[in-house]
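Dear colleague,

Here is the structure that I promised to hand over, and below it you will find what came out of the analysis. Please look at the sequence and the model first, and then read on.

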Amino acid sequence: MGLNRLIPMLFAALVLAAPVAAQDAPTPSGFPVPRFVSLKAGVANGRAGPEQAHPIVWRYVRAGLPMEVIAETADWRRVRDPDGEVTWMHRSLLSARRSVIALSETPLLARPAADAPVEAVADTGAVMWLERCRDGWCRIEAQGHRGWADVSTLWGIYDSERDGSAAAAQRSPALSASAPHDTAPG
């Protein structure tokens, strides 16, 4: 095979392989994207772009709030909040510790079964620390209470973790919710 035919074939192979190589490229942090994280700070600014010079579009006032990292640079993370808002945050404002937020009133059960005793009930909007998930249930902790919650009642869980059914609710001690963010001043 002549060199004139080999060069176009090599070029075509490189062009076709480039998208695959880009998908496998490591992120600046070394962690996968997308991934869930939580807010480390009690007050954190979400910006329009990945620099301090970009305007603040959201001011988050809730440490522990789950966020989904959907892109990143060396120092900045593009995140999606539980309401679907997308902003940029400096990496120092985020923690790798995973949290979830209750989408509705969520019973925390003694074991991962719909008929298990209720330990506590998390109000809609309550932020809880995620310990682990299995078979459609997640072990979570909030305000000194631990228990298993049906994944369908939580935001901050990937579809691969959602394979269970809704748990039956009984009334027990309530875990309070608070607003996830407010708008930043003009």
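**The aromatic cluster**

Trp155 counts as buried, at 16% relative accessibility, where buried means under 20% relative accessible area, exposed over 50%, and partly exposed in between (1.4 Å probe, protein chains only). Before going further, please keep in mind that this is a predicted model, in which local features need pLDDT of at least 70 and side-chain atom pairs count only at pLDDT 80 or more, while totals for chains, interfaces and linings use all residues. Residues are numbered from 1 along each chain as its sequence is written, and side-chain values use heavy atoms, with hydrogens and water left out.

A search of the whole structure finds two aromatic pairs; rings of Phe, Tyr and Trp (its six-membered ring) pair if their centres lie within 6.5 Å, and planes under 30 degrees apart count as stacked, over 60 as edge-to-face and the rest as tilted. The rings of Phe36 and Trp155 have their centres 5.3 Å apart and their planes at 85 degrees, so this pair is edge-to-face. Because Phe36 lies in strand 1 and Trp155 in strand 14 (residues 154-155), the pair ties together parts that are 119 residues apart in sequence; strands here are DSSP runs (E, at least two residues), as helices are (H or I, at least four), and both are numbered from the N terminus. Phe36 is buried as well, with a relative accessible area of 8%.

For Phe36 and Tyr158, the ring centres are 4.4 Å apart and the planes stand at 45 degrees, so the pair is tilted. This pair also links distant parts of the chain, since Tyr158 sits in the loop between strand 14 and strand 15 (174-175), 122 residues from Phe36 in strand 1. Tyr158 itself counts as partly exposed, at 23% relative accessibility. Taken together, the ring pairs link Phe36, Trp155 and Tyr158 into a cluster.

**The protein as a whole**

The protein has one helix and 16 strands, and of its 186 residues 38% count as buried. Among contacts (heavy atoms within 4.5 Å) with a separation of 6 or more, 59% are accounted for by residues 24 or more positions apart.

With kind regards
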